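I opened my notebook and decided to walk through this structure one step at a time. Here is what I looked up, in the order I went.

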Amino acid sequence: MSRLSRRLRVSRMSAPTLPAPAEMRRLDTAVRGRAARAVRARLRRMEPVVLVAPPWAAVPRFLEELSLDLAVGEPAVGCRVVSFRAAYSRPRAEAWQLTLQLFGQLGQRGWHRAAPVTVADRRGFRWALESLLEQAHSTSPHRVALLARDVEALPVDILEDVAAAWSAYRSRHPVDRRCAVLLATSESAGWLHLGNAPKVELVDFATDEAERTITGRTGPLPKAELQAVTRLTGGIPGVVEKVAAAARRARRLPTTAAEVVECLGPVSGELRAAVDQAIAHDHLADRLMGLEVDTPEPLELDVDTPLLRAGLVRRVRSPRGDLVELRAPLIKSLFE
């Protein structure tokens, strides 16, 4: 059954049923699924969200699946997934125009190519952005949301104006809002704020989620081999998806760290570059080599912040404070 068919079937159920104990255990370990549910709940209430994602978090796939879930769920929300990557190194005027063009997609049935909007300063940009939000609010036949990624490509002042325009829209419409927004950014842009919108961390797959992602592409696999390769990946979504695609082509799972690295394609080079840059600094190298998966250590901000931004370690929430652990055993195979 396709994902769309499954979601449509669930949406037609007249009453919820209590899951079986095995299913309850599965839901309890679906950590990435919990993040998705938290985001969906806020967007259905027309509340903004800031999504913080580490490298190789498979953000495009997450947003596409989120868009589908919101479209077929109840209440339904029509979403448009966009990327601000094209704003990198663009002149300010072009970044303004790109932002207005993407926000102009709110409430449009197809990709709408409006005439370019020319603004001369921040005041004009903010006015134009607020006008687009009001237009979507008043003309859209259903509730809509913009799911935007790569927002760290925008200059800081443009992000400040986006936040101000959104806050003004929320103030004008305290109830019955018809527009929402999600801004997905990297760990390095943790300074991003969208009013009082909460920050949701896009975590890696739990073991069960990673195994289901692989077998969803390949069909049933030997349990021992599946568990071994899943552990090697650490549940990093971008790595898990590459492994699943390679296993489907070869009709077998990679069994060693070297085979996993070989099947990653460009992601392999990105991982190696991140490791090489880290181990070039003695204090980062010592910290990275001392960390293990499933054995979290207390967070040390000075040394762990660069490693978090590089995507080599991950934060673990704990009653005794934030901890960090190595993101995947695979990373240690790249130290040589």
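Predicted model: local features only at pLDDT ≥ 70, side-chain atom pairs only at ≥ 80, totals over all residues.

**Entry 1: the sheet of five strands**

In what order do the strands of the open sheet of five lie, and is their pairing parallel or antiparallel? I read the order as β2-β3-β4-β1-β5, and the pairing is parallel. I then looked for the edges and found β2 (78-83) and β5 (199-201), each of which pairs on one side only. From one strand to the next, the twist averages 20 degrees.

Strand β3 (residues 144-149) and strand β4 (residues 179-186) run parallel and are joined by five bridges.

I followed the chain back from β4 and stopped at H173, which sits in the loop between α7 (156-172) and β4. Is H173 buried or exposed? Its relative accessibility is 15%, and the cut-off for buried is under 20%, so H173 counts as buried. I also checked what H173 touches beyond its neighbours within four places in sequence, and found E134 and H137.

**Entry 2: α5 against α6**

A reminder to myself: two packed helices are described by the angle between their axes and the distance between the axes. For helix α5 (residues 92-103) and helix α6 (residues 122-139), the axes come within 10 Å and cross at roughly 10 degrees. Angles under 35 degrees count as roughly parallel, and therefore I wrote down α5 and α6 as roughly parallel to each other.

Which residues make this contact? From α5 I listed W96, T99, L100 and F103, and from α6 I listed R122, F125, A128, L129, L132 and L133. Sorted by class, the contact of α5 with α6 has eight nonpolar residues, one polar and one charged.

**Entry 3: α13 against α14**

I stayed with α14 and looked at its packing with helix α13 (residues 282-290): the angle is about 75 degrees and the axes are 10 Å apart. Since 65 to 115 degrees counts as roughly perpendicular, α13 and α14 are therefore roughly perpendicular to each other. The contact uses H283, L284, R287 and L288 of α13, together with V303, D304, P306 and L307 of α14. I sorted these residues too: five are nonpolar, one is polar and two are charged.

**Entry 4: stepping back**

How many helices and strands does the protein chain have? I counted 15 helices and eight strands. Of the 336 residues in the protein chain, 46% are buried. Among contacts between residues at least 6 apart in sequence, 73% join residues at least 24 apart. Last, I noted an accessible surface of about 17,000 Å² for the protein chain, with 53% of it belonging to carbon and sulfur atoms.

How values were computed
Residues numbered from 1 in each chain as written. Heavy atoms only, no water. Axes fitted to C-alpha atoms, helices over the stretch in contact; angles between N-to-C directions. Helix = DSSP H or I, 4+ residues; strand = E, 2+ residues; numbered from the N terminus. Parallel < 35°, antiparallel > 145°, perpendicular 65-115°, else oblique. Contact = heavy atoms within 4.5 Å. Nonpolar A, V, L, I, M, F, W, Y, C, P; charged D, E, K, R; others polar. Buried < 20%, exposed > 50% of the residue type's maximum accessible area, 1.4 Å probe, protein only. Areas by Shrake-Rupley, 256 points an atom, 1.4 Å probe, with all protein chains shown as cover. Pairing = 2+ DSSP bridges.
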